[in-house]
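Please open the model in a viewer and keep the sequence panel at hand.

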Amino acid sequence: MLAFAIRRMFQSIIVLLVVGLVAFSMFNFVGDPVDSMLGQERTDADVERVRIQLGLDQPFPVQYYKFLQGAVKGNFGISYRQGRPVSQIIAERLPATLELAFVSAVLAIIFGVALGIFTAIRRNGWAANTIMSLSLIGVSLPTFLIGILLIYIFAVELGWLSSFGRGDVVDLGWWRTGFLTKSGLLAIILPAITLGLYQMTLIMRIVRAEMLEVLRTDYIKFARARGLSKRAVNFGHALKNTMVPVITVTGMQIGSIIAFAIITETVFQWPGVGLLFINAIRFVDIPIMAAYLMLISVMFVSINLIVDLLYFAIDPRLRLDKTKG
Amino acid sequence: MSEILLKIKDLIVEFPTRRGLLRAVDKVSFEISKGEVLGIVGESGAGKSLTGAAIIGLLEPPGRIGGGEIIFDGQRIDNLSDEQMRPLRGKRIAMIFQDPLTSLNPLYRIGEQLVETIQTHLSMDNKQARIRAIELLDEVGIPAPETRIDAYPHQFSGGMRQRVVIALALAGEPDLIIADEPTTALDVSVQAQIISLLKNLCKERGTAIMLITHDMGVIAETADRMAVMYSGQIAEIGKTYDLIRNPKHPYSVGLMGSIPAIKGDVKRLVQIPGSMPRLNNIPKGCSFNPRCEKVFEPCYIKRSPLIDVGNSSVACWLYDEEYKGAKKK
């Protein structure tokens with residue numbers, strides 16, 4: 001178990017190095033940051049001076065090495081555009097994204113699993129069929145369209161919820177939260193639904209498919225033949241067996257919730273890291289882009305790691321057993 | 001015989017399909033007395049397992065009971081709802097399935113599954129239930145049950161798992177165990193052990209067994225009485241000894257002839273030509289008529305009712321008084 005965790009950790013580090021390399025090399029093609037920094041009235045001397053100042057005159061491997069050196073210490077350099085340390089900017093923005101992702105993920109998992117179980121157990125009922133048909137919408141509509149649709153209905157037509165921003169936030173010193181004010185809570189509803197809808201329908205469909213599969217197995221039949229209650233059979237025996245593949249997908253989805261927050265944050269002008277990244281692209285703010293990509297890949301990798309470890313908790317067959325006899 | 005535990009009368013199991021109803025079990029009637037072992041043999045698809053599933057109320061939809069009665073200990077149970085049926089399952093009627101490798105939930109320790117079952121049926125606290133579980137494991141011959149109780153199913157061999165399954169089936173102290181091919185998935189060397197274990201445990205408790213199998217050897221060793229099923233119907237039912245020594249229905253004769261014997265004269269093993277008709281293509285009259293050597297006129301017109309011949313009952317016109325004289329060779 002420990003050896004497995006260490007091995008996975010080692011693999012994760014390699015993944016991060018590769019991601020960093022790819023991301024960093026790509027930035028050479030997105031445009032010249034010096035252009036946007038100096039404006040039109042610049043001299044060749046200015047350009048040269050700024051290039052040296054930013055270290056852009058150095059060969060690529062050196063740049064990458066310096067980037068890594070800083071990154072290990074949590075130092076991603078200075079934003080070209082805002083002139084402040086990138087780590088500071090991201091630390092300010094991250095709570096907004098994490099809160100949004102958290103609420104979406106919780107909504108997606110709760111409703112996804114509950115509806116998945118419901119549609120599997122009542123697989124021929126009209127309610128289950130209606131839910132299944134509606135879930136097609138969630139799977140097929142693109143995120144930005146859902147966002148705009150929700151804004152139109154709940155913000156423009158009904159005027160119940162706000163269409164942009166986080167509402168009032170409370171500063172806890174190291175974390176600015178929108179959970180503590182009414183406007184903050186109201187503001188998170190639409191973006192969270194927008195961001196989580198696809199994941200919810202996906203989780204629901206996977207739970208349903210897995211559950212149907214599991215309900216056909218012999219051990220479920222045997223559990224019923226032993227006279228166990230419906231609850232014990234469905235939720236004790238079937239659900240736990242359903243969870244293994246569901247956890248994989250859910251884990252991956254949480255990673256992509258954070259990554260795809262970019263679109264939702266743009267639609268709702270949500271002041272998180274996704275919006276920060278979009279703006280950084282426009283201004284070729286390489287330090288911010290690099291830091292963002294590293295952050296996302298760290299999250300992906302650690303979520304995957306957690307998912308792998310969860311398997312061990314759920315499925316005893318994976319645990320190495322010393323008392324086997 | 002002693003008191004009747006289970007009585008099945010004209011049981012029909014059918015499947016609605018696009019091309020009409022398919023009858024998989026067609027008017028099957030039999031009885032099981034308390035503590036008796038009834039063996040049910042037949043080819044695959046003869047309706048043996050469906051009869052068992054119908055009794056315990058676990059027919060997979062769209063399969064359903066289309067008629068007849070199942071009376072268990074004086075109570076009619078074929079029309080009970082799933083919720084009404086549940087207290088009977090495991091407590092009065094238990095079932096053992098074919099494949100022990102898949103009958104146990106892989107994610108729970110066998111102790112958890114036993115305790116859960118025990119507590120469903122008997123009012124015991126966790127400690128008592130665990131002690132009972134260890135006793136049960138001991139009874140079914142699991143070595144070192146105090147430690148093995150905390151093992152997961154994958155840590156057991158197939159034969160050991162079937163022992164655990166038997167312990168689970170016995171946990172509610174049922175009056176009837178429906179054993180659906182309990183040894184088919186096991187190594188030949190373990191089959192006899194499991195069968196004698198099941199038989200002895202049930203004998204001690206006075207539990208009746210409905211033993212579904214296509215293994216004649218298992219039936220011969222275990223069953224008091226046996227029924228031969230063919231395409232959803234009972235062809236012959238009677239004492240095991242009589243049926244094996246002196247089968248009457250042409251199908252039973254063929255079935256017994258196909259068992260290799262070590263002693264006795266070395267004849268060729270008999271094989272019954274052809275195969276069982278498909279459900280949507282059952283011939284008129286006796287469904288065995290296309291394969292029967294002794295077929296004659298009435299067989300094409302109507303199916304024979306069960307006719308008492310000696311100690312057995314046979315569904316064959318050969319034994320009908322009316323046709324006895326007119327019988328063709």
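How much area is buried between chain A and chain B, and what percentage of that area do carbon and sulfur atoms give? In this predicted model, about 2700 Å² is buried between the two chains, with carbon and sulfur atoms giving 55% of that area.

**First selection: chain A**

Colour chain A by secondary structure to see 12 helices and two strands. Read from the N terminus, the order of elements is α-α-α-α-α-α-α-β-β-α-α-α-α-α. The C-alpha trace of chain A extends over about 85 × 60 × 35 Å along its principal axes.

**Second selection: the interface**

Now display chain B together with chain A. The contact involves 24 residues of chain A and 31 residues of chain B. Select A:Phe222, A:Arg224 and A:Arg226, which supply 25% of the area that chain A buries against chain B, more than any other three residues.

Next, show polar contacts between the chains. The rule finds 12 residue pairs in polar contact across this interface, both residues being at pLDDT 80 or more. On the side of chain A that touches chain B, α9 and α10 of chain A each supply at least two residues. That side of chain A comprises seven nonpolar, six polar and 11 charged residues.

Side chains of opposite charge can pair when their charged atoms come close. Across the interface of chain A and chain B, one salt bridge is found. To view it, select B:Asp82 and A:Arg224, whose closest N and O atoms are 3.4 Å apart.

Over all chains, the structure holds 23 salt bridges. For one of them, select B:Asp26 and B:Arg303, where the N to O distance is 3.5 Å. B:Asp26 lies in strand β2 (residues 20-33) of chain B, while B:Arg303 is in the loop between α12 (297-301) and β11 (307-309) of chain B. The pair thus links distant parts of the chain, 277 residues apart.

Notes
Residues are numbered from 1 along each chain as its sequence is written. Chains are lettered from A and ligands numbered from 1 in the order in which they are written. This is a predicted model: local features need pLDDT of at least 70, side-chain atom pairs count only at pLDDT 80 or more; totals for chains, interfaces and linings use all residues. Side-chain values use heavy atoms; hydrogens and water are left out. Contact means heavy atoms within 4.5 Å. Buried area is the accessible area (1.4 Å probe) that two parts lose on being put together, summed over both. A salt bridge is a side-chain nitrogen of Lys or Arg within 4 Å of a carboxyl oxygen of Asp or Glu. A polar contact is a pair of N or O atoms within 3.5 Å; within protein, one must be able to donate a hydrogen and the other to accept it, and residues adjacent in sequence count only if both atoms are side-chain atoms. Helices (H or I, at least four residues) and strands (E, at least two) are DSSP runs, numbered from the N terminus. Ala, Val, Leu, Ile, Met, Phe, Trp, Tyr, Cys and Pro count as nonpolar, Asp, Glu, Lys and Arg as charged, and the others, Gly among them, as polar.
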